Amino acid sequence: RAWTHQSHREADLAAFRQGMVGRRVFVHGSYLMNFATTDPALMAKSSTMLADTARWTAALGGSTVILHPGQAVGADGSDGVSRVTEGLRAVLQDWPAGVTLALEQSAGQRGSVGAQLTDLRAVLDALGGDRRVAVWLDTAHAFGAGWDLRTAAGVDQFAADVSSAIGWDRIAGIHANDSKVELGSHKDRHENIGEGTIGEAGFRALLVHSAVAHLPFILETPGFDGKGPDLPNMQRLKRLRGDRL
């Protein structure tokens with residue numbers, strides 16, 4: 001949530017990489033970055049920060065940088081898609097090997113790029129199908145954008161829409177979040193798993209769906225103690241998937 005740039009000692013980076021052997025590391029980009037902006041200064045700051053984030057992700061042994069494409073406030077949505085494309089194309093010219101850039105689906109807040117899966121498909125296509133770029137899904141964002149994930153039928157429809165618009169082979173992962181707000185609200189308000197308007201039935205249907213079997217799920221829930229993603233949320237997801245705890 002800040003423009004500060006990271007700095008780490010090589011010894012600390014090496015220790016981190018060693019400690020994470022056998023695990024995957026995902027890095028979420030700063031929420032301040034906005035590649036849909038019409039402000040050249042903000043675009044320049046976003047480009048510098050994304051390049052910096054990618055370098056540190058590689059140094060940490062990370063596999064993926066997750067990015068909110070941005071908001072084209074006061075501008076035409078199609079222009080927002082084209083600005084995101086051009087901004088990312090410039091950063092990708094010096095992108096570290098082995099790191100994926102995953103563009104996160106949005107809930108459809110005013111001017112945001114990515115509520116429509118076709119927006120993200122347009123970016124992928126404009127970048128020439130660059131395999132370094134993928135899409136990241138979010139259950140609360142999808143629900144806010146209008147996909148009814150409360151039932152197995154709704155999850156099936158969402159899976160079919162992702163397959164048609166993006167292709168599941170281009171999905172890098174999923175943020176598992178219940179929603180504080182109603183279906184189609186175009187708001188991004190996360191709730192603990194099973195405590196929100198999606199509910200346990202929806203997560204149960206999603207977690208056992210064949211389309212997502214190969215994907216990592218990452219929590220962004222507020223936590224039952226209000227301190228962020230926690231073990232009870234993880235245990236609830238595993239129980240809904242049918243794991244023996």
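Contact here means heavy atoms within 4.5 Å. The model is predicted: local features need pLDDT of at least 70, side-chain atom pairs count only at pLDDT 80 or more, and totals for chains, interfaces and linings use all residues. Residues are numbered from 1 along each chain as its sequence is written, and side-chain values use heavy atoms, with hydrogens and water left out.

**View 1. Surroundings of Leu137 and the nonpolar cores.** Beyond its neighbours within four places in sequence, Leu137 is in contact with Gln105, Leu117, Phe158, Val162, Trp168, Ile171, Gly173, Ile174 and His175. The largest nonpolar core has 56 residues, and those with the most contacts inside it include Leu137 and Trp168. A nonpolar core is a set of buried Ala, Val, Leu, Ile, Met, Phe, Trp, Tyr and Cys residues joined through side-chain atoms within 4.5 Å; buried means under 20% relative accessible area, exposed over 50%, and partly exposed in between (1.4 Å probe, protein chains only). Another core, of five residues, lies apart from the largest one; among its members are Ile66, Ala102, Ala134 and Trp136.

**View 2. The aromatic pairs.** The structure holds two aromatic pairs (rings of Phe, Tyr and Trp, the last by its six-membered ring, with centres within 6.5 Å; planes under 30 degrees apart count as stacked, over 60 as edge-to-face and the rest as tilted). Phe26 and Trp136 form an edge-to-face pair, because their ring centres are 5.4 Å apart and their planes stand at 65°. This pair links distant parts of the chain, with Phe26 in strand E1 (residues 26–28) and Trp136 in strand E4 (residues 133–138), 110 residues apart. Helices (H or I, at least four residues) and strands (E, at least two) are DSSP runs, numbered from the N terminus. Trp136 is buried, at a relative accessible area of 0%. The rings of Trp147 and Phe158, with centres 5.5 Å apart and planes at 65°, are likewise edge-to-face. Trp147 lies in the loop between helix H5 (139–145) and helix H6 (152–165), whereas Phe158 belongs to helix H6.

**View 3. The open sheet.** Six strands form an open sheet in the order E1-E2-E3-E4-E5-E8, with parallel pairing (two strands pair if DSSP finds at least two bridges between them). E1 and strand E8 (217–219) stand at the edges with a single partner strand each, so one side of each is left without a neighbour in the sheet. Strand E5 (residues 171–176) pairs with E8 over three bridges, and Ala176 stands opposite Leu219 in E8.

**View 4. Asp52 in helix H2.** Asp52 is found in helix H2 (residues 40–59). With 11% relative accessibility, Asp52 counts as buried. Not counting residues up to four places away in sequence, Asp52 touches His5 and Gln6.
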